[in-house]
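Biologist: I'm new to this. Could you show me how to read the surface near a DNA strand, and then the pockets?

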There are 2 protein chains.
Amino acid sequence: MPTSTVEQYIKTIYQQEERCAQDIVQMKQLSEAMGVTPGTATAMVKHLAERKLIRYEPRKGVRLTAGGRELALLMVRRHRLIETFLENVLGYDLSEVHEDAEKLEHAVSDKFIERIDAYLGFPPADPHGDPIPSAEGHIARRDSVPLDHCETGDTIRVARLRNDDPAFLLLMKEQHLTPGEAFVVIDKNETAGTMTVRHDARSRGPITPFTISMGNSSRIMVEPTGTK
Amino acid sequence: MPTSTVEQYIKTIYQQEERCAQDIVQMKQLSEAMGVTPGTATAMVKHLAERKLIRYEPRKGVRLTAGGRELALLMVRRHRLIETFLENVLGYDLSEVHEDAEKLEHAVSDKFIERIDAYLGFPPADPHGDPIPSAEGHIARRDSVPLDHCETGDTIRVARLRNDDPAFLLLMKEQHLTPGEAFVVIDKNETAGTMTVRHDARSRGPITPFTISMGNSSRIMVEPTGTK
DNA sequence: CTGTACTTTTTGATTAATCAAAATAAAACC
DNA sequence: GGTTTTATTTTGATTAATCAAAAAGTACAG
Ligand SMILES: [Mn+2]
Ligand SMILES: [Mn+2]
Ligand SMILES: [Mn+2]
Ligand SMILES: [Mn+2]
């Protein structure tokens, strides 16, 4: 059985591969994501390679094996189902779910997770809009793009908020910038490094425009709903 | 913050004090209950004494301090609320709840537990019939006695099943020997080491008598409802 | 190309939790 | 009371996970 530390490293490697669209993850990236020193990451990575969860190329980086990917998707499934449960059933705020899920994901049994899944009615995505992998490790690929790739005039719908920082999530909630909401990009200012959006006319949110930094825009994944 | 190992030792010491009605717990008892060697328990006990969670009298045993008792009751609260949730909400069988609760109790946050408590409607007892301590660490004392202290003719109601062994719990469930059920003791055979009970006439269970060993009888806590 | 900056690995040490087996103390027995 | 049994403590070693700091390798700028 993997320890919770092993689980966390494998999940982190998966997330770095995904979020940065890289096939190989360097030690610096991994050690920073894990919040440990580089030497610690090197030692652990050797252990993970022995356990055949990753392939380790010294001085290059690591990539998940099929077995590692399976474990990673199991952890992602647990994390997202727990977050969904905390928000939908226990009434947590979106900005609070991540912290508790990060710990619980290492303590729950398979039985617990399958019962939670059924109790929630087999939700396809968590409250951030991220798809929940199936028990068999299949995950739906959605073709969303970061908001900063959009242009003035694009009409869009928020798909996912790719950032677990509670302050960021609270800000998004205040502006009703949550998964499912429809927007129009009314300005993109490359020099100022900002984008301005307002709610679609048919949407419930306020019509007052809202300006976001490019940095934050890159963590807001959207689906285009047409171009005016 | 206490590690989950520290939490588990403290909870175990509390349970040994309670279940065996002793004010001091010897190292053998503790090491067996924890499933570790005596030397390991001695080392840990010194650490717990430094942390002021227990008072340790070498060659005698240990007893909880006020702080240790507080932590123990917090763990018991978590354990029992989790068990109640697993049975009432997720549909676990009574014989399955203990294993998962034993792990989850060390991973949940205070927020999680308080929300679960509210979601369950602030239950006074878990599915074994054990009282749930309040968030402030108060626990209701119920004056129940072990079934083997009863005599032929006593009418009783099951209060708690003081044993987490799944096989035992399944057997009890089959015979409807669950908290709240009313019975009459129709025989107590000291030499054979058995007791025979049958459901009270007004009860839903079968009227066919059921014979239990004295060993098992001592784990069934009952409240007298009168003596015929 | 070559020197500086950055990344990665190695080394030596630490902490928490554990075991096996030897040493010691207390209790029980006759 | 002396001997045997049982409980407890001590000692030395192990495993997982970590850090700090030194050493080694790679990148890349001029
Ligand atoms: Mn999360
Ligand atoms: Mn985690
Ligand atoms: Mn239990
Ligand atoms: Mn436990």
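What follows is a chat about the DNA contacts and the pockets of this predicted model.

Biologist: Okay, what about the phosphates? How far is the side chain of A:T42 from a phosphate oxygen?

Modeller: For this you look at N and O atoms in side chains. In A:T42, such an atom is 2.9 Å from a phosphate oxygen of DNA strand C. For B:T5, a polar side-chain atom and a phosphate oxygen of DNA strand C lie 3.4 Å apart.

Biologist: And which elements give two or more residues to that surface?

Modeller: From chain A, α2 (27-34) and α3 (38-50) do, and from chain B, α1 (4-19) and α3 (38-50). The top contributor is α3(A), with four residues. Sorted by class, the surface near DNA strand C has eight polar, seven nonpolar and four charged residues.

Biologist: Now the pockets. How is empty space found in a model?

Modeller: You roll a probe the size of a water molecule over the atoms, and that shows where empty space is left. In this model, the largest pocket holds about 1,100 Å³ of space. Its lining has 41 residues, with A:K103, A:A107, B:K103, B:H106 and B:A107 nearest the centre.

Biologist: Which element supplies the largest share of that lining?

Modeller: That's α4(B), with six residues. Both chains take part: α1, α4 and α5 of chain A and α1, α4 and α5 of chain B each supply at least two residues. By class, the lining of the largest pocket has 15 nonpolar, 14 charged and 12 polar residues.

Biologist: How much space lies in the second largest pocket?

Modeller: About 440 Å³. It is lined by 28 residues, and the closest to its centre are B:R19, B:R80, B:D130, B:R160 and B:R162. The elements giving two or more residues to this lining are α1, α4, α5 and β4 (154-161) of chain B. Among these, α1(B) gives the most, with five residues.

Biologist: And what classes of residue line the second largest pocket?

Modeller: Its lining has 13 charged, nine nonpolar and six polar residues.

Terms used. Residues numbered from 1 in each chain as written. Chains lettered and ligands numbered in written order. Predicted model: local features only at pLDDT ≥ 70, side-chain atom pairs only at ≥ 80, totals over all residues. Heavy atoms only, no water. Polar contact = N/O pair within 3.5 Å; in protein donor to acceptor, adjacent residues only side chain to side chain. Nonpolar A, V, L, I, M, F, W, Y, C, P; charged D, E, K, R; others polar. 1 Å grid on protein atoms, 1.4 Å probe; cavity = no way out; pocket = protein on both sides within 12 Å on 5 of 7 lines; lining within 4 Å. Points joined across faces, edges and corners; volume = space filled by probe spheres on them.
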